Amino acid sequence: MKLPFAESWKIKMIEPIRKSTREEREQWLKEAHYNVFQLKSEQVYIDLLTDSGTGAMSDRQWSQLMLGDESYAGATSFYKFEAMVQKIFGMPHVIPTHQGRAAENVLFSVLVKEGDVIPGNAHFDTTKGHIESRKAAAIDVTIDEAKNTQLELPFKGNVSLEKLEKVILENPGKVPFMVLTVTNNTVGGQPVSMQNIKETCALCHKHNIPVVMDSARFAENAYFIKTREEGYADKTIKEIALEMYAQADAMTMSAKKDAIVNMGGFIATRNKEWYEAAKLFCIPFEGYVTYGGLNGRDLNAIAQGLDENTEFDMLATRIHQVAYLASKLDEYNIPYQRPAGGHAIFVDADKILDSIPKEEFPAQTLTCELYLEAGIRACEIGYVLADRDPITRENRFGGLDLVRLCIPRRVYTDNHMDVIAAALKNVFDRRKEITRGVAIEWEAPLMRHFTVKLKRLG
């Protein structure tokens with residue numbers, strides 16, 4: 001008899017979570033202005049808002065906290081961290097930052113100027129925000145197939161080489177670099193193939209354009225290359241990662257994802273000139289270049305997490321749980337971005353709440369309904385998150401309108417996945433009763449989804 005799949009770790013410590021009543025949740029959501037970012041954590045039963053900084057560190061990571069060197073400059077923790085980044089990614093120049101968006105802020109302060117055009121495979125919210133706040137344009141060059149949520153395609157996060165070259169040719173001298181995001185979060189945590197990575201980098205380099213890889217979930221991307229792409233089954237995750245980054249010029253990373261820490265990020269690059277320029281922004285923004293806004297213990301934990309999470313068994317456990325949740329949604333015929341991604345399930349709100357017009361934000365409405373149903377906090381990745389066009393100030397309705405069920409690493413069990421699926425089924429079964437959505441009462445001019453205030457309609 002074949003043994004069933006089981007986790008590659010055992011539970012050593014727990015944190016209690018509390019269930020709430022429907023009446024409590026109605027009041028809490030109203031007080032939060034129907035923005036789940038504004039809920040208190042104790043008001044949430046199962047928290048799927050993000051996998052960023054919400055994972056459970058290992059005993060070995062916790063032990064590394066006790067070995068942290070908190071010297072202001074030249075701490076041993078920095079050199080341990082630097083050596084691990086160099087080993088995994090093969091890039092010699094490393095600058096720590098307090099998280100991924102800080103890495104973008106430091107590097108983009110060097111690279112982006114007003115009027116620039118930055119192509120990428122569906123820039124995520126902070127990436128787009130850092131570009132547009134500098135009066136530059138972020139242009140999506142993801143393959144068209146990514147917009148068909150029901151299409152099964154192994155590497156749905158790929159770059160369209162035709163779109164990319166068109167942007168380059170139409171904007172001579174205005175493309176300082178392109179952003180290659182692995183995995184592609186905005187279109188559903190979808191991976192980019194090694195072939196596409198190589199072809200994208202080759203095309204950019206042909207036009208003397210560097211490539212910066214947004215690397216928050218690089219290990220999950222390497223896992224999918226190993227399991228889906230011909231020629232990689234016998235390679236280790238670390239070997240695949242090195243091959244991926246051999247093509248790129250620089251990277252930014254939120255270590256809160258695939259290094260499984262609560263805080264941290266970094267920049268790494270082959271370009272010495274960029275490195276020297278970025279150091280000058282790191283010091284006023286983040287702190288001295290050997291700590292970059294982090295404690296020594298954080299740097300130790302990142303180094304250990306990078307080492308652990310580039311091992312196949314750890315990734316297989318994590319991605320199996322995402323696939324398990326997808327299998328439950330399949331049983332209930334609930335549409336989501338197929339195939340299941342690496343860190344989350346992205347439910348297709350447009351297909352579920354099809355009677356709600358886009359102007360009333362179906363995905364945000366579905367996010368609210370899921371919270372009211374069972375205290376589950378998800379995240380809208382859709383029309384609210386897309387912000388307004390920086391020129392016309394019109395809402396951007398051209399992309400997908402998804403609800404992201406983002407699964408923290410090593411935190412929940414498959415029993416929690418069953419609860420999530422059942423709660424979503426209950427909402428799905430009464431979807432025809434949900435005929436009105438939400439409207440914006442107040443919004444920030446940039447990255448509005450974090451603080452937006454909404455009201456229920458109907």
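Predicted model: local features only at pLDDT ≥ 70, side-chain atom pairs only at ≥ 80, totals over all residues.
Good morning. I begin with two helices, α7 and α9, which are roughly parallel to each other, because angles under 35 degrees count as such and theirs is about 20 degrees.

Helix α7 covers residues 194-206 and helix α9 covers residues 237-245, and their axes lie 9 Å apart. The crossing of α7 past α9 is left-handed. Which residues meet here? From α7, Met194, Ile197 and Lys198 come into contact with Ile240, Glu243 and Met244 of α9. By class, the residues of this contact comprise four nonpolar and two charged, with no polar ones.

I turn now to the sheet. It is open and consists of three strands, arranged β9-β12-β11 with antiparallel pairing. The edge positions belong to β9, residues 344-348, and β11, residues 379-381; each has a single partner strand, so one side of each has no neighbour in the sheet. From one strand to the next, the twist averages 35 degrees.

Let us consider one pairing in detail. Strand β12, residues 402-406, runs antiparallel to β11, and three bridges join the two. Within β12, arginine 404 is the bridge partner of cysteine 379.

Helices also accompany this sheet. Helix α12, residues 312-331, packs on the sheet and touches β9 and β12; the direction of α12 makes about 30 degrees with that of β9. Helix α14, residues 362-374, lies across β9, β11 and β12, and runs at about 40 degrees to β12.

Thank you for your attention.

How values were computed: Residues numbered from 1 in each chain as written. Heavy atoms only, no water. Axes fitted to C-alpha atoms, helices over the stretch in contact; angles between N-to-C directions. Helix = DSSP H or I, 4+ residues; strand = E, 2+ residues; numbered from the N terminus. Parallel < 35°, antiparallel > 145°, perpendicular 65-115°, else oblique. Left-handed = near helix turned anticlockwise from the far one by under 90°. Contact = heavy atoms within 4.5 Å. Nonpolar A, V, L, I, M, F, W, Y, C, P; charged D, E, K, R; others polar. Pairing = 2+ DSSP bridges.
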